[in-house]
Amino acid sequence: MAATFPAQEDDLFSRNLQKRYNGLVMVRKRAIRGKGAWYWYHLEPILFQNQDTGTAKAVKLRCGLCSALFSASNPSRTATEHLRRGSCPNFRHPEVNYNGIGPKSTKHNLLALPPPLAPLAMVPAFCSSEPVFPSQPDKPQLTQSQIDTAFDLLSEWFYESCGHVSFSTLDHPKFKAFLNHLGLPCVNRSYITGAKLDAKYEEIMVQTKSKLQDAMFFQLSTDGWGKGKKRNNSDFPDDFASISLNLPNGSTLFHKVLFLNTSSPSSDYIKDILWSTIIETSGYDVFRCAGIVADVGNINNIVLQELETRHHWMVIITCQSTALHKLLRDFSKDLPLFTTTASICLKIIQKFESHHYNGLNICLTRRPYSSLDQASATISAVENVARLFHKFGHSFTEKVIPIDPSDRALSDVVQESKFWKDLDCFANLISIIRDLLQEIKEDRLCLGQCLPLWKELKSRITGWCSRFEMDEKPVMELVNRRFAKNYHAAWAASYVLDPLFLVEDSCGRYLPPFKFLTPEQEKDVVKTITRLTRDEEAHIALMELMKWRTEGLDPVYARAVQAKERDPISGKMRVVNPRGNRLIWETYLSEFKVLRRVAARLVFLQATATKLNWNQSFLSLVCSKRQSNETIERAQKVLFVSLHQRFERDDFSDEEEKDSELSSCENGMSLDQCLVRRPVD
């Protein structure tokens, strides 16, 4: 019995050593990222293990410069005695320029700013009426590792900015002075766009390939085809298209951007590009591609149908975000009252612009009307006038419109309450679509959510018609027409196979929502499942579908999949485990041998294409015919690194839109301040 005590003590001692080692490794990682002591760049924790038992025997610190070993009990003292006092033969204070292009630097905390003046420093001395200021401290002194970390962060910021911050900023005198004030050396563009960029690009390429290889299947997402406009500047491409990959774990990988030489690519060209991309990304195992979500324009939608017909294992759908945008355009063109109201709003906006008012133009959304098509211009005009009315009331038209006697007719119209009632009506209709667009952007709409999305849209429009006493029939005709153009049979199949939409019956069972489908949609479920399975397994899949329809999912697992919690930022209820619906099919529902494979591929598919916003000045650099091939290659690498980082953050917002929000009309200006005219060039 007594012999067991030493064994227990040895086991406890070994566990404590392991914890000590893990703790030191974590501290060192944080320090290398700039959140810890300088000496961790040179000292590395080493764990020695018993060769017989494999248990931890000792923890040491190894100097990375001379390979000497030290006790790990006090790293700070080891650094002082070994590094600072000159015991290490290879350690010296960094006295050379950073990459040979800057001032000298030595040790101190990373990016430490001079401390603020002490309160007592402002107290006047005796016989003096002036405050006494202490002498300015020296600029921070940084170690080489801290400088490396700082410039790593600086480089990544330039890459992610992707043209919004020019690389010429590095040569600006003020920027150099800022770096010098922080104790950092100057750096030229060759450091940012040279070996550093190449290393970052290769690192991301390796990560991307590894993630793609680990995924059992993926979905191709593409946007931008056939929507470019002919530009007068020959340096710009007529159009471009982006391609990304959606993975089952919910992440998205950026793949590439294609710069086209035409604004109307042919159907054969699009098919060839999409198919070659599938072969390239799947490693010739094309069955790994579960489908495509695309925004290829109205003309090219037939390309998607042809691809799906030829490759039965894929589900190829159009982007639902684009569908809602098109529905909004349908309203603006086909609802007569909307058209009349919008034409008046356009005249009001043109009046503001013609009189060159400083403040009112700040309140308008940053949309040059000359570059918009008619439908987009009318929608934007309604939104802008509604915003001005909400901000200033009727008084803004009373002060602006009567300035010119020729506008008396317009003035009479805007004095009528009917116009403002119609404006409020259609501004609310636009708001319904905008809100849904924002929701599907935040929630990343999946295939099974398409039917509930359109059902929710119809419900909101019904409420809108009732509130504003509108005839519901013509509005719903437009909604149903757009729904029919975008409907895909796989919507219904994914809807009934997704555990998120199971419905609890009176007996407490959680069953698929077949009762909410039309007879045609029920047939689509069978057609889709049959098409996605091999011929010899189709009858098995249909029998398993009947079992799923009658038995559903165990209530415990169903409630776990559907569990929601309130988002602390938005306040909305969101699913706790967004990937639970797919994992249930892959792990728990093992008795569905064939159906589970179909369901796992269907429920993860996204219903919106990833839309990227571009910086035009950077695009000109990427595509310019006057740039050298090496410059264009560098720019394309920056583009790849930037988009990868944005995908990692799940941030696809437009920097220019963010900037415009800073100057919105919520700045508290009065109407009289807004009506100050700006000088005309």
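Tyr284 counts as exposed, at 71% relative accessibility; buried means under 20% relative accessible area, exposed over 50%, and partly exposed in between, with a 1.4 Å probe and protein chains only. The model is predicted: local features need pLDDT of at least 70, side-chain atom pairs count only at pLDDT 80 or more, and totals for chains, interfaces and linings use all residues. Residues are numbered from 1 along each chain as its sequence is written, and side-chain values use heavy atoms, with hydrogens and water left out.

**Loop residues with positive phi**

- Tyr284 lies in the loop between helix 7 and strand 7 (289–295); helices (H or I, at least four residues) and strands (E, at least two) are DSSP runs, numbered from the N terminus.
- Although Tyr284 is not a glycine, its phi is positive, at about 70°.
- Ser67 is not a glycine either, and Ser67 has a positive phi of about 65°.
- The loop between strand 2 (56–63) and strand 3 (69–71) holds Ser67, which is exposed, with a relative accessible area of 52%.

**The chain as a whole**

- The secondary structure of the protein chain comes to 27 helices and 12 strands.
- The protein chain has 681 residues, of which 45% count as buried.
- Contact means heavy atoms within 4.5 Å. Among contacts in the protein chain between residues at least 6 apart in sequence, 68% join residues at least 24 apart.

**Confidence of the prediction**

- The pLDDT is the predictor's confidence in each residue, from 0 to 100. The protein chain averages a pLDDT of 78, and 75% of the residues score at least 70.
- Confidence in the protein chain is highest in helix 18 (residues 489–497), at a mean of 97, and lowest in helix 27 (residues 671–674), at 42.
- The pLDDT is below 50 over residues 228–238, a stretch that has 30 contacts in the model beyond near neighbours in sequence.
- The pLDDT is also below 50 over residues 659–681, where the model has 46 contacts beyond near neighbours in sequence.
- Where pLDDT is low, the predicted coordinates should not be read in detail.

**Helix 7 and helix 8**

- The axes of helix 7 (residues 267–282) and helix 8 (residues 301–310) come within 10 Å and cross at roughly 50°. Axes are lines fitted to C-alpha atoms, for helices over the stretch in contact, and angles run from 0 to 180 degrees between N-to-C directions.
- Helix 7 and helix 8 are therefore oblique to each other; angles under 35 degrees count as roughly parallel, over 145 as roughly antiparallel, 65 to 115 as roughly perpendicular and the rest as oblique.
- Their crossing is right-handed. A crossing is left-handed if the near helix is turned anticlockwise from the far one by less than a right angle, and right-handed if clockwise.
- Helix 7 contributes Ser267, Ile270, Lys271 and Leu274, which meet Val303, Leu304, Glu306, Leu307 and Arg310 in helix 8.
- By class, this contact of helix 7 with helix 8 has 5 nonpolar, 1 polar and 3 charged residues. Ala, Val, Leu, Ile, Met, Phe, Trp, Tyr, Cys and Pro count as nonpolar, Asp, Glu, Lys and Arg as charged, and the others, Gly among them, as polar.

**Helix 15 and helix 16**

- Helix 15 (residues 417–443) and helix 16 (residues 450–468) have axes that come within 11 Å and cross at roughly 160°.
- The two helices, helix 15 and helix 16, are therefore roughly antiparallel to each other, and their crossing is right-handed.
- Residues that make the contact include Phe426, Leu429 and Ile433 of helix 15 and Leu453, Leu457 and Trp464 of helix 16.
- The contact of helix 15 with helix 16 has 11 nonpolar, 1 polar and 6 charged residues by class.

**Selected residues in helices**

- Ser494 is in helix 18 and is buried, with a relative accessible area of 0%.
- Leaving aside neighbours within four places in sequence, Ser494 is in contact with Leu447, Gly448, Leu602 and Val603.
- Gln521 has its place in helix 19 (residues 519–531) and counts as buried, at 10% relative accessibility.
- Beyond its neighbours within four places in sequence, Gln521 is in contact with Leu451, Phe483, Tyr487, Ala492 and Phe516.
- Gln521 and Ala490 are 31 residues apart in sequence, and their C-alpha atoms are 9.4 Å apart in space.
- Gly23 is in helix 1 (residues 4–32) and is partly exposed, with a relative accessible area of 30%.
- The C-alpha atoms of Gly23 and Pro45 are separated by 9.6 Å, and the two residues are 22 residues apart along the chain.
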